[in-house]
Amino acid sequence: MNGVHEHCGVFAIMSLKEENVIPYIYWALLSLNHRGQQSHGILVYRDGFKLFKGLGLVEDSRLRGLGDWVDGLSSNLGIGHVRYATSGNLSREQLLEDAQPQVISARERKIGIAYNGNIVDVIRLRQSLLSKGFELHGTSDTEVLAYLLLDAIRSEGCLVEGIRYVMGEVDGAYSVVGITDDGMFFAFRDPHGIRPLAYSIEETRGLIAVASESVAFNVNGLPLNGFVRPGEAIVVDSSGMERYRLANSNSAFCAFEYAYFARPDSKFEDGCYVFEIRRELGRRLAIRYSEIASRVDVIVPVPQTAIDAAYGFHEESGKPIAPLIVRHRYVRHRAFIMSPEERSLILSKKYNILLDRLRGLRVALIDDSIVRGDTLRRLARILKGAGAKEVHIFSTFPKITSPCFYGIDMATFDELVGFNRDTEEIAELLGADSVNYQTISDYCKAVGRNDLCLACVTGKYPTRYAQDLARRARREALLGHKIRGRIVETLGR
């Protein structure tokens, strides 16, 4: 993966037997921290809301150990969040302000929410709320979504109908968890189900939980019972869980979850572990490009998410894997507190390459995807400089040609190495002998489903406003006009 950051992870849980749920939230957020590392937070409800938010990884919190979380936030109901900012300002102060969960109040009602995704028409919705007299203090779309929901609950008369209104009004991707001011816990997913959301019911312990990935259940000894369906809401109170189908649309699950975002030990609706799918992606690359695969001497994965694919490539091609690129585990890339010079320095220190093992070798360099190309360009140059005879890049994901508006940090056409370039041009730009992308058909076969959002590959977006933004932004890019900042927050004005 080249320069693309995770989006967000959510977790929510209620104990029907009044057990303190803070330990469950703590461990769930640790297991989801790969999805967002800029900020984290926990919101609990017991006769009112109590909120904790911090910057960085969960383990970096100023709280000293699990005991402090338990003592300070004890409750049988809570939600948690880990965030990477795909909307809003990136200053330290604003990142903390925009960290989730967020609690907002208006007109004698209060609500707390956390979500994974991105609201595409956030500018329009913000202006609508301001015209109604709401005071917005943050810069992210989370506050907009929360106020919209709170206003809809008031006007529609109940929580479920308020959620139905939001689903019909908002263009974007959103998997939401939240708590009302009367102690109900709810979750819902956008009508296309772009972002993941799973649920667990542990009847013996009286626990009901919702999470972005199944690993948040595994770490807590909870079962994976199923998934919140696209356009569905669930509501949990002391009597249990109710499900409501509120909107119908074609499913468009984010294809990137399989290649990069999810942990390899997670499961989605297809029932396979993610590592099994990544292994199959590597195998299909070796079949599709068998002539090149037969010529290489060694398979070198870019750590970490390409390792499973490299194993599949090895199984099919018979060529050995050599871990000649080792990622420094404790070198962290926290872009939100770094200058451009510092970010460049971190990139140069991120990997250790075993240079004395490369001379004369033809290398199959396996990566999960190619977005901006910065890392692969640097790696290919170093491999060649160390004496590698040939470097052939293989991407488990198809060629990315369009930005994502649904919560992935690739927000403009200009930054994408695959935009308006063929594979030969990309190979020359990266300094490789060839670049070999997964085909869309092979990707869908490996995943085992066709109901995927592949807008970043095809330019066909599942939501109307996103499609319009992409059309306008593409035209500007082809004319050579640079868009500064995220398309959603510039052309969306």
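**Accessibility, loops and a cavity in a predicted model**

Modeller: This is a predicted model. Ser249 has a relative accessibility of 35% and counts as partly exposed.

Colleague: Why is Ser249 called partly exposed?

Modeller: Buried means under 20% and exposed means over 50%, with partly exposed in between. Ser249 is at 35%, so the middle class applies.

Colleague: What is Ser249 in contact with, leaving aside its neighbours within four places in sequence?

Modeller: Pro191 and His192; contact here means heavy atoms within 4.5 Å. Ser249 itself sits in the loop between β13 (240-245) and β14 (253-254). Gly231 is 18 residues from Ser249 in sequence, and their C-alpha atoms are 7.5 Å apart.

Colleague: What makes Asp47 exposed?

Modeller: Its relative accessible area is 78% and the cut-off is over 50%, so Asp47 is exposed. Asp47 is in the loop between β2 (39-45) and β3 (49-55), and has a positive phi of about 55 degrees although it is not a glycine.

Colleague: Why is Asn420 called exposed?

Modeller: At 60%, Asn420 also passes the cut-off of over 50%, and therefore counts as exposed. Asn420 is not a glycine either, yet its phi is positive, about 60 degrees.

Colleague: How do you know which classes of residue line the second largest cavity?

Modeller: The lining is sorted by class: 13 nonpolar, no polar and one charged. That cavity has a volume of about 90 Å³. Of its 14 lining residues, the closest to the centre are Cys254, Cys404, Ile408, Cys453 and Cys456.

Note on methods:
Residues are numbered from 1 along each chain as its sequence is written. This is a predicted model: local features need pLDDT of at least 70, side-chain atom pairs count only at pLDDT 80 or more; totals for chains, interfaces and linings use all residues. Side-chain values use heavy atoms; hydrogens and water are left out. Helices (H or I, at least four residues) and strands (E, at least two) are DSSP runs, numbered from the N terminus. Buried means under 20% relative accessible area, exposed over 50%, partly exposed in between (1.4 Å probe, protein chains only). On a 1 Å grid over the protein atoms alone, a cavity is a set of points where a 1.4 Å probe fits but cannot get out, and a pocket is an open set with protein on both sides within 12 Å along at least five of seven lines; lining residues have an atom within 4 Å of a point. Grid points are joined across faces, edges and corners, and a volume is the space filled by probe spheres set on the points. Ala, Val, Leu, Ile, Met, Phe, Trp, Tyr, Cys and Pro count as nonpolar, Asp, Glu, Lys and Arg as charged, and the others, Gly among them, as polar.
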